[in-house]
Amino acid sequence: MTDDSIRDTNKSPKASDKRAPMASAPLVYNPDHTVAWDQMWDTFCVLARAGGPSHRAAMLRAQLEADRMREGYLLAVSEMIRGIALVSGLQAHAAQIGWLAIECGQVSKARWLSDQIAQENVESYYAGTQFFVPVGEDFTLKGEIKNVITVVAKTTHSWTEHLDATVKTSLAWEEKLKTFTMSIQRWFRR
């Protein structure tokens, strides 16, 4: 091995660093110049099975101090709602300042998706059958908006296509047991 080949190997440690954030897919546009969120990846399986490092290097947090009447906030909300519907089939809506709520129909699914999204370094939480993702007036199309839509695409596809039915059933029973336990505890406190 020559000195040059050693230097070349050492030039880009991030290329082989499994902890580096996920590489970004280029934006794809429709003829009307809107982002074609549902066409950005060859298949969602490629995105979902990439595994490995989190999508972002640093946690993307909700902008709780945002002005929900600013044009940037309104644009971020509307584009994220559109993108989330295209990549997941789920309906989203603006919630409290800094958050979008995404309805998924099951408490266990909302909890699982929220946990997976947080592992991708995008802040998330769940309440009932909804999970929440951040939004802000400073979110950009090629940055934070794309980050949120990407992790929703990745995690919802994983839930739908790759998570074993027995795991989903176990998660649902766990939620039922949790609800039952809480109701018994409330009954004893009376």
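Me: How many bridges join β2 to β4, and in what sense do they run?
Reply: This is a predicted model. In it, 5 bridges join β2 to β4 (residues 130-134), and the two strands run antiparallel.

Me: Which residue stands opposite E103 in β4?
Reply: Q130 in β4 stands opposite E103.

Me: And what is the bridge partner of W99 in β4?
Reply: The partner of W99 there is P134.

Me: OK, other neighbour. How do β1 and β2 pair?
Reply: β1 (residues 91-94) pairs with β2 in the antiparallel sense, over 4 bridges. On this side, E103 in β2 has Q91 opposite.

Me: How many residues lie between β1 and β2?
Reply: There are 4 residues between them, and the two strands form a hairpin. G98 sits in the turn with a positive phi of about 95°.

Me: What is the strand order in the sheet?
Reply: The order is β1-β2-β4-β3, an open sheet of 4 strands with antiparallel pairing. β1 and β3 (125-127) are at the edges with a single partner strand each, so one side of each has no neighbour in the sheet.

Me: By how much are neighbouring strands turned against each other?
Reply: By 30° on average, with direction ignored.

Me: Back to β2. Why is it largely enclosed?
Reply: Of the 5 residues in β2 (residues 99-103), 4 are buried, so the rest of the structure largely encloses this strand. Buried here means under 20% relative accessible area.

Me: What do strands of a sheet pair through?
Reply: They pair through backbone hydrogen bonds, either parallel or antiparallel.

Terms used
Residues are numbered from 1 along each chain as its sequence is written. This is a predicted model: local features need pLDDT of at least 70, side-chain atom pairs count only at pLDDT 80 or more; totals for chains, interfaces and linings use all residues. Side-chain values use heavy atoms; hydrogens and water are left out. Buried means under 20% relative accessible area, exposed over 50%, partly exposed in between (1.4 Å probe, protein chains only). Two strands pair if DSSP finds at least two bridges between them. Axes are lines fitted to C-alpha atoms, for helices over the stretch in contact, and angles run from 0 to 180 degrees between N-to-C directions.
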